[in-house]
Amino acid sequence: MSEFSMELSADQVTLRDWVHGFAEGVMRPAAAEWDEREETPWPIIEEAAKLGIYGLDILANAFMDPSGLSTVLILEELAWGDAGLCMSIMGSSLAVAAILANGTPAQQAEWMPQCYGTPGDLKLAAFAVSEPDAGSDVSSLRTRAVYDEAKDEWVLNGTKTWITNGGIANLHVVVASVDPALAGRGQASFVVPEGTKGIRMGQKFKKMGIRASHTAEVVLEDCRIPGSCLLGGKEKLDERLARAREGRSSSGQAAMATFEATRPGIGAQALGIARAAYEYSLDYAKERRQFGRAIIENQAIAFKLADMKARVDASRLLVWRAAWMAANRKPFTSGEGSMSKLFASESAVKVTEEAIQILGGYGYVREYPVERWHRDSKIYTIFEGTSEIQRLIISRAISGVHIR
Ligand SMILES: Cc1cc2nc3c(=O)[nH]c(=O)nc-3n(C[C@H](O)[C@H](O)[C@H](O)COP(=O)(O)OP(=O)(O)OC[C@H]3O[C@@H](n4cnc5c(N)ncnc54)[C@H](O)[C@@H]3O)c2cc1C
């Protein structure tokens, strides 16, 4: 048994610094432009792919780190570079996480590389759960998947909304209801491969933040996919449905399995934004002079920075703990994954708001990055489970009471 240590290994430091170099050299200079353009930043993704930052290998290597920290180190640095560009680079990984959580080894080997493509022939992937009438309540999905036994095909119908890379992705993972009477336990995840007919983009959304990341509706109209596109396979689904119909316990909802695994990573991104805003406003407060002294010499400003730094570090500790627990298969008995996402995302909103205050008028204009960081931070309290839903998960876990 090794001694307890908070120090990163040499490999982790090398990985973190390498990703930081990309964040500082490629993402930071491009961030404002892509925020204004509100388009998928293909040249940045291409650059990331050439370096090996967009692709399966970096994630596969990170997953092999037994401490679980490599993934969150990468995400903190990318979001420090820019959250919108980070989401463009990492958006495909949501689909990969779904395939990893629900697919057979053969399906994982077939579909996961197709989520990224290769430099010069990039691919995007999307993970489509949310619907206009089913956001927080993922058990009430209306998108239906009906099995056509004669053709061994699944037929998907429904509308998904707020989907990252939705409609422009080459591969979509769609969560749909197979048996609506079973609510969340009657759902399954399906791969909709490139070139499938009956899937199209609906409305593209204009957003407050992470504007370099594409968000749109996905419309499924008699979308037929081969039987082999059901993640986990038909036999396993039939067993799961039978267990659910008999009222026996099952391993839970398809969508929830993905979200459990990705929450510390979402917290890590929020942490990256908060750290960016804290560092920027610390430097600014030392330089900016009013009343003949640097503004940091006023407790009113210095104490804000002390609180911001404490929140950044506390966020990191919660994110690292949850990442370590997930990698070591420790059950989240107190909702530790949710705690990391809740605290880091709300801290990012708070820290970026304080950063604007420290910069005064300069904080409010687009020539400076802090207003963008504040706009970007807000989504982290909403997607992959709102703050209210994280509090529900934590309070239910610690109390054993079905809090509503
Ligand atoms: C930019 C962006 C990207 C996204 N990317 C994806 C994606 O790639 N794939 C995907 O599937 N989805 C994605 N989403 C959807 C996102 O996950 C949902 O927006 C989120 O789950 C909240 O659902 P909703 O918007 O319908 O809000 P609602 O569920 O309608 O919630 C509205 C409010 O009610 C509160 N509330 C709801 N139920 C309860 C309750 N039981 N107790 C207390 N409060 C409650 C919520 O916390 C919230 O404050 C994305 C959203 C955005 C904005």
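**Exercise 1. List the residues in contact with Ile225, leaving aside its neighbours within four places in sequence.**

Solution. The contacts of Ile225, leaving aside neighbours within four places in sequence, are Glu153, Trp154, Leu156, Phe190, Val192 and Thr196. Two residues are in contact if their C-beta atoms, placed from the backbone, lie within 7 Å. This is a predicted model: local features need pLDDT of at least 70, side-chain atom pairs count only at pLDDT 80 or more, and totals for chains, interfaces and linings use all residues. Numbering starts from 1 along each chain as its sequence is written.

Ile225 belongs to strand S9, residues 215-226. Strands (E, at least two residues) and helices (H or I, at least four) are DSSP runs, numbered from the N terminus. Take Glu153 from the contact list. Ile225 and Glu153 are 72 residues apart in sequence, and their C-alpha atoms are 5.5 Å apart in space.

**Exercise 2. Decide for Ile225 and for Arg289: buried or exposed?**

Solution. Start with the cut-offs. A residue is buried if 20 or more other C-beta atoms lie within 10 Å of its own, exposed if 12 or fewer, and partly exposed in between; C-beta atoms are placed from the backbone. Ile225 has 23 other C-beta atoms within 10 Å, so it is buried. Arg289 has 10 C-beta neighbours inside 10 Å, so it counts as exposed.

Now locate Arg289. This residue sits in strand S10, residues 289-290. Arg289 and Leu15 are 274 residues apart in sequence and 38 Å apart in space, C-alpha to C-alpha.

**Exercise 3. Describe the packing of H10 and H12.**

Solution. Two packed helices are described by the angle between their axes and the distance between the axes. Axes are lines fitted to C-alpha atoms, for helices over the stretch in contact, and angles run from 0 to 180 degrees between N-to-C directions.

Step one: geometry. H10 (residues 336-359) and H12 (residues 370-378) pack at about 160 degrees, with axes 8 Å apart. H10 is therefore roughly antiparallel to H12. The cut-offs are under 35 degrees for roughly parallel, over 145 for roughly antiparallel, 65 to 115 for roughly perpendicular, and oblique for the rest.

Step two: hand. H10 and H12 cross in a left-handed way. That term applies if the near helix is turned anticlockwise from the far one by less than a right angle; clockwise is right-handed.

Step three: residues. H10 contributes Ala348, Val349, Thr352, Glu353, Ala355, Ile356 and Leu359, and H12 contributes Val370, Glu371, Trp373, His374, Ser377 and Lys378. By class, this contact has seven nonpolar, three polar and three charged residues. Ala, Val, Leu, Ile, Met, Phe, Trp, Tyr, Cys and Pro count as nonpolar, Asp, Glu, Lys and Arg as charged, and the others, Gly among them, as polar.

**Exercise 4. Describe how H9 packs with H10 and with H4.**

Solution. Take H10 first. The axes of H9 and H10 come within 9 Å and cross at roughly 160 degrees. H9 and H10 are therefore roughly antiparallel. Their crossing is left-handed. The contact holds 14 nonpolar, four polar and six charged residues.

Turn to H4. H4 (residues 69-81) and H9 (residues 299-327) pack at about 140 degrees, with axes 8 Å apart. Leu69, Thr71 and Val72 of H4 meet Val319, Trp320, Ala323 and Trp324 of H9. The classes here are six nonpolar, one polar and no charged residues.
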